[in-house]
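Hi,

Here is the structure I promised to send over. Have a look at it first, and then read on for what turned up.

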Amino acid sequence: MARVMVVEDEPRLASMLEELLTMSGHEVTTEARGDLTVERALVEDPDLVLLDVGLPGMDGFEVCRRLRPQFEGGILILTARGDALDEVVGLDAGADGYLAKPVEPQRLLAHVRAVLRRTAPPAPRRLELGDLVVDAGQRAAWLEGRALSLGSTEFDLLWRLAVDAGHAVPRDALHETLRGTAWDGLDRTVDLRISRLRRALGDPPQAPRWLLTVRGIGYQLAPA
Ligand code: CA
């Protein structure tokens, strides 16, 4: 769920935007004053600031200019002025997008999604689970500092489990990771690779420390 801060001084529009974004699964806070927005956004650290231009205290462009150097989330400017010059000013101020009011709800939501996609932090490439380190960039893993001898398929399986460490990953999802297709209920690929992965981890099959069987679901990499 993405967190969105709506900065809008017109109460009816603010509550309409809040409702629209909440209904589409976002967590929403609102602010009506431009001069309070920078500090609040830095404290609350939302994923996206939806920013009006005409605001009491400080206009949206100035808010954007002050916020941008310190803020990693998205900034989407929403203004009543449909002037092309405003768009240039807004983008130059560091906004990730610009929309002129009135804006269709579906169009607004599409722009919100687009900015959130662009500004989402990159997925982790290296996971450290206690003594076990899995690095997707190097496609290698280490246990207690010792490099594990893994085939490419075992690595894919380990990474998939590591991403959800502490949670059971359904056999279907693991099969999909390895074979790119849904499990037919018969294929033993996942079990075979799990056995190999357990050997590489030095996990005894009867009492695995790392790679747990979750009966009726699939497998789970133990939390650190
Ligand atoms: Ca306004």
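Helix 2 and helix 3 cross in a right-handed way. Keep in mind that this is a predicted model. Helix 2 covers residues 34-44 and helix 3 covers residues 60-67, and their axes come within 9 Å of each other with a crossing angle of roughly 30°. Angles under 35 degrees count as roughly parallel, so helix 2 is roughly parallel to helix 3. On the helix 2 side, the contact uses Gly34, Thr37, Val38, Ala41 and Leu42, while helix 3 brings in Val63, Arg66 and Leu67. Sorted by class, that contact between helix 2 and helix 3 has five nonpolar residues, two polar and one charged.

Asp45 sits in the loop that links helix 2 to strand 3 (48-52). Its phi is positive, at about 50°, even though Asp45 is not a glycine.

Next, helix 1 and helix 5. Helix 1 (residues 11-23) and helix 5 (residues 105-119) have axes that come within 11 Å and cross at roughly 65°. This crossing of helix 1 past helix 5 is right-handed. Here Leu17, Leu20 and Leu21 of helix 1 meet Pro105, Leu108, Leu109 and Val112 of helix 5. What classes do the residues in the contact of helix 1 with helix 5 fall into? Seven are nonpolar, with no polar and no charged residues.

The loop leading from strand 5 (97-100) to helix 5 holds Pro102. The peptide bond between Lys101 and Pro102 is cis, with omega about -5°.

Then there is the pair formed by helix 7 (residues 171-179) and helix 8 (residues 189-201), whose axes come within 9 Å and cross at roughly 85°. Since 65 to 115 degrees counts as roughly perpendicular, helix 7 is therefore roughly perpendicular to helix 8. Helix 7 makes the contact through Arg171, Leu174, His175, Leu178 and Arg179, and helix 8 through Thr189, Val190, Asp191 and Arg193. By class, the contact of helix 7 with helix 8 splits into three nonpolar, two polar and four charged residues.

Last, the rings. How many aromatic pairs does a search of the whole structure find? The answer is zero. There is a charge placed over a ring, though: the charged end of Arg209 sits over the ring of Trp210, 4.2 Å from the ring's centre.

Cheers

Note on methods. Residues are numbered from 1 along each chain as its sequence is written. This is a predicted model: local features need pLDDT of at least 70, side-chain atom pairs count only at pLDDT 80 or more; totals for chains, interfaces and linings use all residues. Side-chain values use heavy atoms; hydrogens and water are left out. Axes are lines fitted to C-alpha atoms, for helices over the stretch in contact, and angles run from 0 to 180 degrees between N-to-C directions. Helices (H or I, at least four residues) and strands (E, at least two) are DSSP runs, numbered from the N terminus. Angles under 35 degrees count as roughly parallel, over 145 as roughly antiparallel, 65 to 115 as roughly perpendicular and the rest as oblique. Contact means heavy atoms within 4.5 Å. Ala, Val, Leu, Ile, Met, Phe, Trp, Tyr, Cys and Pro count as nonpolar, Asp, Glu, Lys and Arg as charged, and the others, Gly among them, as polar. Rings of Phe, Tyr and Trp (its six-membered ring) pair if their centres lie within 6.5 Å; planes under 30 degrees apart count as stacked, over 60 as edge-to-face and the rest as tilted. A charge sits over a ring if NZ of Lys or CZ of Arg is within 6 Å of the ring centre and within 35 degrees of the ring normal. A crossing is left-handed if the near helix is turned anticlockwise from the far one by less than a right angle, and right-handed if clockwise.
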